[in-house]
Amino acid sequence: MRYSQSFFPTLRDDPADAEVISHKLLLRAGYIRRVTSGVYDFLPLGLRVMRRIEAVVREEMNAAGAQELLMPMVQPAELWQTSGRWEKYGPELLRFTDRHEHTSCLGPTHEEVICDLVARELRSYKQLPMNLYQIQAKFRDEIRPRFGLLRGREFIMKDAYSFHADEADLAREYQSMFAAYQRIFSRFGLTFRAVEADTGSIGGNDSHEFHVLADSGEDLIAHCGGCDYAANVEKAVSGRDAASGLAGELADVATPGASSIEDVTAFLKVDAALLVKTLVYRITGGEMDGQVLAACVRGDDQLQEVKLLHALDADSIEMADEAGIVSIGGVAGFVGPQNLACKVFVDESLRGGTGLVAGGNKRDVHVCGLDMARDVAAATFADLRETRAGDSCPKCGGTMALSRGIEVGQVFALGKRYTEPMKVRFHSQEGKEETATMGCYGIGVSRLMAAIVEQCNDENGIAWPLDMAPFHVALIGMGKGEEVEQACAGLYKDLQAAGFDVLWDERNERPGVKFKDAELLGLPLQLVVGDRGLKEGVVELGARGGARESVPLTEAVARLVGLAESIRGAAH
């Protein structure tokens, strides 16, 4: 493509509302433009990268035996009502009513639609297993879209769904998709990690997330330095030494104005590990729907709300207001687990704890000498704490570390979570009617574009991996003479014949502008043709960000082929 005929609207400065590097550079380099909150146009450069990502995903999915189809973005409410998710999914599900008073939603995912399709077509075990996938736009009405493509409302996703006659075959396909995902992300040249994950609103029995490691990642992942254990902190388990103080009778201690962990530890001169942090929540869904409960962790820990949600088997939880705290006998800022008129859930790390400090359920009062077994005898113990760096690994006893990650893919073993209510049935070899079991497998295609940029950039712009770039070669003409034009035209044709996508910059611009744009756009290879070099029969070529060398004009294409092969070899 000739640069002068392109639509690449670059920006000189970083946009004011862009926080992370991928958002800044994709806007500056003319890959995307904001339409509204969390919704973006993909400009020609952005679409070219998207198509390259999709091609890799399709190639690996097809090689793994999956078949591509396309399902509608608009989904009827009755399908979601059948699965039980119409109310449970929450406000991220954008619901609307059409002119015929029929209620639908914009699909954030397609478990219901694919189950409806397969239920109507599946008859015999001989049709199983099957794995069907699509690459399509999704919509989730995020409460706070941010970071450009990393947290949008409308996005492009690859979602696959497999159906099986039994759990053993589902486990086989789960591992097949896991391996396919590892190949996909490796081909993108990414530093990534697969981690155990919570199943979230999708549900199911087992799940792993794939995270691109980046400081800008919204997810926190815990991993062991001594073995392969890794998990999202929403699910990660870990160990730490028990904390106990001097045993004794429960006694009130005046702590005027000291309600925070920091204030109490300073006032009483005790370690935060000896404090009991008591949080009060109101529950929605499950057996405790509408009730208030207290949840306790050590003072130097954070409560992981996803773990509490699972311990309750509830739909959602939210912090109780002051009236809710008062209703169970607590006082805001001074709540303790003893003698509360509600259920109390306590983290396992506090089991057997003695000589602890907790809120006194009186204003400006804490208690010392708390004994969990004696003073909170009716407590329910569960794993509620968030794993911290330095904790011990549950698998090998090694030391846990924490890293930031961008979730770009997730695989789920759903079991019969959807196939049972949606009647996805088949006749077995013995002639019995059975319910199929199911897996699903997602990749955030548009998020991947941003994740690649988060890892592949420098002070001059994007630095695309060779096979992800919108163009492989920046062909830069320097000079106004006819010889430069003719030499560039010949190279342009020969490079395309050699399999390169080429952006020919023949604009009437200063050399500095052309070089800056090539660097900003992130094109991996540069070939520079100038008046002075042509007089000596040479051109300059090199990789983006590196030194260029002079080579004979007649050898330029062959040398670029060799350079591209060496770059690909180094990437693998």
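In the predicted model, three strands form an open sheet in the order 4-6-5, with antiparallel pairing; strands are DSSP runs of E with at least two residues, numbered from the N terminus, and two strands pair if DSSP finds at least two bridges between them. Strand 4 (74-76) and strand 5 (95-97) stand at the edges, and because each has a single partner strand, one side of each is left without a neighbour in the sheet. From one strand to the next, the twist averages 40 degrees. Strand 5 is joined to strand 6 (residues 103-106) by 3 bridges, and the two run antiparallel. In this pair, threonine 97 stands opposite threonine 103 in strand 6.

A hairpin is formed by strand 30 and strand 31, with 5 residues between the strands. Strand 30 (residues 538-543) pairs with strand 31 (residues 549-552) in the antiparallel sense over 4 bridges. Valine 539 faces valine 551 in strand 31 as its opposite residue. In the hairpin, glycine 545 takes a positive phi near 85 degrees.

Helix 2 (residues 44-63) and helix 6 (residues 167-187) have axes that come within 10 Å and cross at roughly 150 degrees. That makes helix 2 roughly antiparallel to helix 6 (angles under 35 degrees count as roughly parallel, over 145 as roughly antiparallel, 65 to 115 as roughly perpendicular and the rest as oblique). Axes are lines fitted to C-alpha atoms, for helices over the stretch in contact, and angles run from 0 to 180 degrees between N-to-C directions; helices are DSSP runs of H or I with at least four residues. At this contact (heavy atoms within 4.5 Å), Val56, Val57, Glu59, Glu60 and Met61 in helix 2 meet Met177, Tyr181, Arg183, Ile184 and Arg187 in helix 6. The residues of the contact divide into 6 nonpolar, no polar and 4 charged.

Aspartate 505 is placed in strand 28 (residues 502-505). Aspartate 505 is buried, with a relative accessible area of 4% (buried means under 20%, exposed over 50% and partly exposed in between, with a 1.4 Å probe and protein chains only). Not counting residues up to four places away in sequence, aspartate 505 touches Tyr3, Leu475, Ile476, Gly477 and Lys514.

Residues are numbered from 1 along each chain as its sequence is written, and side-chain values use heavy atoms, with hydrogens and water left out. As the model is predicted, local features need pLDDT of at least 70 and side-chain atom pairs count only at pLDDT 80 or more, while totals for chains, interfaces and linings use all residues.

Definitions and conventions: Ala, Val, Leu, Ile, Met, Phe, Trp, Tyr, Cys and Pro count as nonpolar, Asp, Glu, Lys and Arg as charged, and the others, Gly among them, as polar.
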